[in-house]
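Please open the structure in the viewer and keep the selection tool at hand.

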Amino acid sequence: MSSSSSERQALESTDFSAARFVDALLPDAAALSRVETVRARISQQREAAQHAVGQRQRATADSGRQAAGVAETTAAIATLHGRVTAMRGAAQRAERMVFDMTQDIKALDAAKRNVAAAATAVQQLQQLAAATARLREECEQQRLGDAATTVAAIDGLRKAVAGLRRVRAVEALARAAEAQQRAAGDVAVAAVQRAFDAQGRLVAGAASVARDACRCSAAAGARARVVDWYCGEQLRAYGALFPGDASAVEHVVRRYAWLRRILRNAVDDHAHVFPDDWRMPAQITRRFAVATRDALDAAVNAGAHADAATLAAAIGETRAFESQCDQRFTPTQHGEAAFGGAISGAFAPLVAKAVRGECAQLEQLVRRLGAQHDDAADEAGVLASGAELLYQMREALRRGAAVAAGDALADLARALAHTLDTYAHAVLTPRLGRAVAGASSSATAALDGLAASAAVANTADYCAAAAEQLERRLAERVDARVSFSGSRDVLLGAAAAAITTLVDCATATVAPALAALPTQRWDTVQAVGDQSEYVAQAAAAVDAAVAAARRHLTAPRHFRAFSDRLAARFAERLVAAIGACRRVSEVGAEQLLLDAQALRAVLLAAPGAAPSAYTRIVARGFGRAEALLKALLAPARPAPLAERFLLLFPAAPRDTFRLVLRLKGLSPPDFAMYERTLEEMCGGLEKQLEDSEEQGACTETPATPLDASEADPETQEGSEPGESAVRARLNENLRRFMGGMRLA
């Protein structure tokens, strides 16, 4: 490969030598054997060289032909460039020529427009001058119909030449035209004024002149002057007929009647004089409203006064008049106010004064009702004072609603609520005090007090219901929130106090019978017999009190509350009466236990079909009394007595235990030994419970509490001291009472 390349280089060299080349191929004799091979290779190289020379010659020929084509193309391009340059020059010359022609055309157009504008301006100025002169002539000749058209034309011409007013002559002409327009307005106003006589009536035959004068005044800008003059003429007699004196409120209806007559004249007789868009009746009415408001304000400031009926009638008529005006004269222009409140707003001070007057009358009524002592109840059980108060309140609200609205009516509503509060405190509550004070004098007085207390409860309940109705009615009329909830709470509180007084009066009827219990010698009773004498007296008193309460109370919930509280109060008084005894023997305790069971039956039967809640209250109250009596059945020895007491009173109250000791006839020095025994039993039971908890043997099981205040009456009656079942239940329930025992 390297020899071939070296041979090619030697053949292509510029200083080629054939002898050296042959010597290089055949350096020695031995190389002669390769002569044919060398000759063949040289022949191939010669042929390759010839082929390469042929290619070079063909390439050279092709290159010559391309060069000739490029020269021809270059010459054509040069020729084309010359032609394009010539055409561009011609185009530029043509464009310049067209631009010059366009500029000339624009200049000619501008000149044409300026000439036309100048001609138009000159023509308009000529027309303005001619119209001004014609308007002067028409005003002198009183041809106001034509003058109206001329004034409108002058107004349009003045606007057309407004841009030329910088020219002194044009400005002078425009000013002259304006002055003539004002003069035409003056002439038109004077013509309208001449068309009406001193009484504001249209002069015969002057209708057409007045109509043309109105048109001319409207065109000349003098419409407001004509309207003001005409309204003033129509209302000129109003101030003299209706001055702003103290009678302004009373005569307000006559004012509206007078205006309606004036409007009939203005509409029927003068409607064809004034254009419709002037709305002359509405203009008269608005000025009348302003004058009336000023007259009423002056009357109010001067101290005018009107009673509620007169004020209500005046305000009602005024509001009706304003409503009619709003319906008839609907505002058509922006900013034109409605008639509502235009006149009636003047009554606001009188309305406030009327509301204060209503409040003062209600306060006087409550004071008068509080001073009455013959306030009897009606068939519904409501006091006459309550019925009268609510009637007067409704009347006050009716009168107030007729004259007041918004804040004034809200003030009246608050005054009504305050009146109910005052009535509850100043009338109802003192009656309860008088009923309690007289109840202790006799059974008849107590029953009278019970009836009076029931009437107070019925009245308070009735007033509370009425307050709720008033609140609903006022919610429809008053935007502000008006609440009678405070008044209802006060009245319901008075009703609750009345129930308490009922219970006090009923207790007073039973008091003599229970007062006889401690006076008997219960330590000398030898045997248990029938019920004691005081039981019959107490039963009769309870039946009479319950019957009276049922007869006088109208609300079933009040009777239920009375029955529940009477049962609890009676049981408390019975326990107190037993505790007031000096000494009670075991036989005496058995007799008292029999009496307690009889009294329990009386109370259970007193209200009739007693609900379960009432039965539980009776059982709870009498359970303590019966537990106390059962404790007195134990022997007067420390251990049995303490054990029995713990069975009946798991909480081990010390005051109750001392009461038992005293009723057993023990002296105070002996109390310490019994109390120590009770402490030891309580400590032993507590220790037993703690041990049971540690061993995990104590399980919680449902059981009935042994507290006498919560025990079931049937369970208490069937339980006997010393029974194992009772002792087991004591151990199970003693845990929750240990805290109270330790505190005691």
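Begin by selecting C505, which counts as buried because its relative accessibility is 1%; buried means under 20% relative accessible area, exposed over 50%, and partly exposed in between, with a 1.4 Å probe and protein chains only. Before moving on, note that this is a predicted model, in which local features need pLDDT of at least 70, side-chain atom pairs count only at pLDDT 80 or more, and totals for chains, interfaces and linings use all residues. Residues are numbered from 1 along each chain as its sequence is written, and side-chain values use heavy atoms, with hydrogens and water left out.

Next, select C581. This cysteine is likewise assigned to the buried class, because its relative accessibility is 1%. How many disulfides does the structure hold? The number is zero, a disulfide being a pair of cysteine sulfur atoms within 2.5 Å.

Now display helix α15 (residues 443–475) together with helix α16 (residues 485–515). Helices (H or I, at least four residues) and strands (E, at least two) are DSSP runs, numbered from the N terminus. The two axes come within 8 Å and cross at roughly 165°; axes are lines fitted to C-alpha atoms, for helices over the stretch in contact, and angles run from 0 to 180 degrees between N-to-C directions. The helix α15 is therefore roughly antiparallel to α16, a label for angles over 145 degrees, whereas those under 35 count as roughly parallel, 65 to 115 as roughly perpendicular and the rest as oblique. In the contact of α15 with α16 there are 21 nonpolar, five polar and four charged residues. Here Ala, Val, Leu, Ile, Met, Phe, Trp, Tyr, Cys and Pro count as nonpolar, Asp, Glu, Lys and Arg as charged, and the others, Gly among them, as polar.

Proceed to H558 in helix α18 (residues 556–579). Is H558 buried or exposed? It is buried, because its relative accessibility is 6%. Apart from neighbours within four places in sequence, H558 has contacts (heavy atoms within 4.5 Å) with A457, D461, A495, I499 and L553.

Finally, visit two loops. Q142 lies between α3 (35–140) and α4 (144–160); its phi is near 60°, a positive value in a residue other than glycine. Q142 is partly exposed, because its relative accessibility is 38%. R279 sits in the loop between α9 (252–268) and α10 (280–301). The phi of R279, a residue other than glycine, is positive and near 50°, and R279 is partly exposed because its relative accessibility is 22%.
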